[in-house]
Amino acid sequence: MTQDVSIMTKIQKVEDTLNESMYKLDVLKKRLKTKLLTMETREEMEMKLEQIKEVLEQNEAKLKSLRRQNTKSFMLAASLIFCCFLLYGLYLMFYGTI
């Protein structure tokens, strides 16, 4: 069974993943600044750092796409509300009383 997940839930999940990746990135950068690392450890950390940067880029692109989709949904809802008020106003204009 597939669950119908709202756009806001997807946005929240991607933001959480993004924040977690940013935290990992900061920790790795701080570790890399220490001079007590062996070359092997430093290379491993730099590889992890590159992987995290790739994940960050992917999540930022996904977040941008989801926000654009959320904006489209909002514009559709706002348009429908506007049309309802317009029709109600025309009804009152032609038929007078409520």
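This is a predicted model: local features need pLDDT of at least 70, side-chain atom pairs count only at pLDDT 80 or more; totals for chains, interfaces and linings use all residues.
Trainee: Okay, which residues have the most contacts inside the largest nonpolar core?

Mentor: General idea to begin with: in soluble globular proteins, nonpolar side chains tend to be buried together. A nonpolar core here is a set of buried Ala, Val, Leu, Ile, Met, Phe, Trp, Tyr and Cys residues joined through side-chain atoms within 4.5 Å. Buried means under 20% relative accessible area, exposed means over 50%, and partly exposed is in between (1.4 Å probe, protein chains only). The largest core in this model has 13 residues, and those with the most contacts inside it are Ile11, Leu25, Leu28, Leu49, Ile52, Leu56 and Leu63. Helices α1 (7-33) and α2 (39-95) each supply at least two core residues, with α1 giving the most, seven. Helices are DSSP runs (H or I, at least four residues), strands are too (E, at least two), and both are numbered from the N terminus.

Trainee: Which residues does Leu63 touch?

Mentor: Contact means heavy atoms within 4.5 Å. Leu63 sits in helix α2 and counts as buried because its relative accessibility is 7%. Not counting residues up to four places away in sequence, Leu63 touches Ile11, Val14, Glu15 and Leu18.

Trainee: And is Ser21 buried or exposed?

Mentor: Ser21, in helix α1, counts as buried, at 9% relative accessibility. Leaving out residues up to four places away in sequence, Ser21 touches Ile52, Val55, Leu56 and Asn59.

Trainee: How many salt bridges does a search of the whole structure find?

Mentor: Side chains of opposite charge can pair when their charged atoms come close. We call it a salt bridge when a side-chain nitrogen of Lys or Arg is within 4 Å of a carboxyl oxygen of Asp or Glu. The search finds two. One joins Arg67 and Glu15 (2.4 Å, N to O); this pair links distant parts of the chain, with Arg67 in helix α2 and Glu15 in helix α1, 52 residues apart. Another joins Lys24 and Glu20 (3.5 Å, N to O). Those two are four residues apart in helix α1, so about one helical turn separates them. Lys24 is partly exposed at 42% relative accessibility, and Glu20 is partly exposed at 48%.

Trainee: What do the UniProt annotations cover?

Mentor: UniProt positions use the numbering here, feature names are shortened, and annotations may be inferred rather than shown by experiment. The unreviewed UniProt entry gives "coiled-coil region" for residues 11-69. In the model that stretch is 92% helix and 0% strand, and its end C-alpha atoms are 10 Å apart. The unreviewed entry also gives "transmembrane region" for residues 74-94. Over residues 74-94 the chain is 100% helix and 0% strand, with end C-alpha atoms 30 Å apart.

Trainee: Is Leu87 buried or exposed?

Mentor: Leu87 lies in helix α2 and is exposed, with a relative accessible area of 58%.

Technical notes: Residues are numbered from 1 along each chain as its sequence is written. Side-chain values use heavy atoms; hydrogens and water are left out.
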